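Trainee: Could you show me how to read the charged side chains of a protein model, and what should be kept in mind while doing it?

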Amino acid sequence: MGSRPAAIAVTPNGRTAYAVNSGSANVTPIATRTRKPGRPIRVGSGPRAIAITPDGRAAYVVNAGSDSVTPIDTSSNRARRPIRVGADPRSIAITPNGRIAFVLDWGGASVTPIDLATGRARAPIPVGSYPSSIAIAPAGAMAYVTSYGANTVTPIDIAHLRPERPIPVGQAPNALAISSDGSTLEVVSGDTDSVTQIDTATRRATAPIAVGYSPESVVV
């Protein structure tokens, strides 16, 4: 593989894994059955994250060093024209219907939505400082973004691409996950060694649950 691999995603059919190589500014496609790598795909500088559409036809690579997202056609493994986004993007998530990608702009305190049908970025959505992670509800109506610097979770109305009132959580929230029915968020706060649960219907947070030192991720 390339230098400093930073992220990986697998196509829905399980046939190909795409490994993001931050140090060499490329993506290595790997045939999962043979475990053989394909020719590296050139992307922007400092790639940090990747997401694949639900139909498996395209992958989108977040380039932190060039403030862009590079689409990849998975049938040909060719990169398309980069899409400009906000400052220092670090994370990405795609809606269940495959229509919109949300890119977290760490340096811009915003989320940039990309219309995947047109390949165009929409107006940035303001959130708290240093957005660090995102979860999309299974029904696809809402997205939730943690803001590491603001100690909040911002709900985003996907239909209107509009932020709603932030929900306070523990200090330095750096990860979150949503339950399979979309009713509960689990938010990890690294500086308070805790997990906060949020009822998505009422937008109310429970008292923090103490966990081990400096937690960094969560799975439901």
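This is a predicted model: local features need pLDDT of at least 70, side-chain atom pairs count only at pLDDT 80 or more; totals for chains, interfaces and linings use all residues.

Mentor: Residues are numbered from 1 along each chain as its sequence is written, and side-chain values use heavy atoms, with hydrogens and water left out.

Trainee: How many positive and negative side chains does the protein chain have?

Mentor: Counting Lys and Arg as positive and Asp and Glu as negative, without His and the chain ends, the protein chain has 21 positive and 14 negative side chains. The centres of the two sets lie 13 Å apart, each charge being placed at NZ of Lys, CZ of Arg, CG of Asp or CD of Glu.

Trainee: How many salt bridges does a search of the whole structure find?

Mentor: Side chains of opposite charge can pair when their charged atoms come close. A salt bridge here is a side-chain nitrogen of Lys or Arg within 4 Å of a carboxyl oxygen of Asp or Glu, and the search finds five. Among them are Arg 90 with Asp 88 at 3.0 Å, N to O, and Asp 157 with Arg 162 at 3.6 Å.

Trainee: Is Asp 157 buried or exposed?

Mentor: Buried means under 20% relative accessible area, exposed over 50%, and partly exposed in between (1.4 Å probe, protein chains only). Asp 157 counts as buried because its relative accessibility is 12%, whereas its partner Arg 162, at 42%, counts as partly exposed.
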